[in-house]
Amino acid sequence: MRLADAGDPVMGRLIAHSGPRGALEQASRGRLDGDFVRREREVAAPGRPADLDRLAAAWAARYAALKPDPAADLARAAERGTRLVIPGDPEWPTQLDDLGDSRPLGLWVEGTADLRLTCLRSVSIVGARAATPYGTQTAAELAADLGSLGWSVVSGGAYGIDGAAHRGALAAGAPTVVVLACGTDVCYPSAHEDLFRAVRSQGVVVSEWPPGAHPTRLRFLVRNRVIAALSRGTVVVQAAARSGALNTAGHALELNRHLMAVPGPITSEVSMGCHLLIRQGKAVCVTSAREIVELVGSIGADLAPEPRGPVLPRDLLDDETRRVLEAVPARGGMGPAAIAVAAGVDLPTALAALGRLAVAGFIERCAKGWRLRRDGERSPGHGDGPAAGDRPPGRDAPRSPG
């Protein structure tokens, strides 16, 4: 961890080939075994062979300059209550193995929750640092609703969408995972010290960088692959055309994870990235936690309810009765025979329907026959039968012979 950059695929393959001790011995001396070098040349992309000599020299230079002391790192971490989780440990999230050669060498973990169990049912929520009030409110509500449904939230702990997502999960009493681009003993951003403290008491703060490591622009991009890999799917709440959240979205697609995006105002720059993902067919448009869980949850068991408008009493009428109701005027009045003609039914059918409609309170008798009831208590705004405003204009009936 001290010698190689996080996510370095060459170091990943070197450890797989020679084991951790063998890899450390070769990296510290700056010379790689011939068998490993030959294999690397075989897997190198055409025209882009890795400069293994230069890479090995860089590792050796770091070793000489830093003089890493693993025992001291572990002791320093233990003083803070930090544990090192590596592949093969019970707490290791095996979904990280999907990263292949770029899989983290290990994760430094702080917090009361179990990292593997927390990430079994988790969703990543990412987005712009310069988020709008709409974005932060949406992120917090999605995270809180996911927490109430038994899902945890993974994010990067940054300003804006990340911070709002963590707070929403905490408010729902759900565990949340902060993936840092620095050591777990370095609070970045510094204003989130209280937030990270709350996360440690309810979830976990993790990093693949050892204690004391400070964030850099590249490290933020590198850690995004971990955010995408830990969860079953990634939701982009807000993102500009150039955004680190889109980098996380790219990793999610490469890992065959579900990618979702929340739509926003077309006039907002921080909605451009979300709309682009949706328009290109890379992300599914989501507007609620239920819709998110429908994608990442169990097939057939986590279906989101279809949004529907209110069910009005007239929706329960059969076709013939509804046609008769449509023929009844709002003002004036109309006799049964004229109503039957207007509705396109025979007279007995019209009489039967008028009786049912009268009992249900939709219509009333008047001097000229039948008309819609006029009392406001039956208006659609009160969830009952129709009033005059519920009918299309121009349906005032002529005088009827009946």
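I started with Glu110 and Arg200, which form a salt bridge (a side-chain nitrogen of Lys or Arg within 4 Å of a carboxyl oxygen of Asp or Glu); their closest N and O atoms are 2.6 Å apart. This pair ties together distant parts of the chain, 90 residues apart: Glu110 sits in strand β2 (residues 107-111) and Arg200 in helix α8 (residues 193-202). Helices (H or I, at least four residues) and strands (E, at least two) are DSSP runs, numbered from the N terminus.

A note on the source: this is a predicted model, where local features need pLDDT of at least 70 and side-chain atom pairs count only at pLDDT 80 or more, while totals for chains, interfaces and linings use all residues. Residues are numbered from 1 along each chain as its sequence is written, and side-chain values use heavy atoms, leaving out hydrogens and water.

Next I checked accessibility (buried is under 20% relative accessible area, exposed over 50%, partly exposed in between; 1.4 Å probe, protein chains only). Glu110 is buried at 2%, whereas Arg200 is partly exposed at 23%.

Then I looked up Asp319 and Arg322, a salt bridge with its closest N and O atoms 3.2 Å apart. The two are three residues apart in helix α13, so about one helical turn separates them. Asp319 is exposed at 55%, and Arg322 is partly exposed at 25%.

How many salt bridges are there in the whole structure? My search found 20. I also noted a network of salt bridges linking Arg13, Glu40 and Asp101.

Pro313 is partly exposed at 24%.
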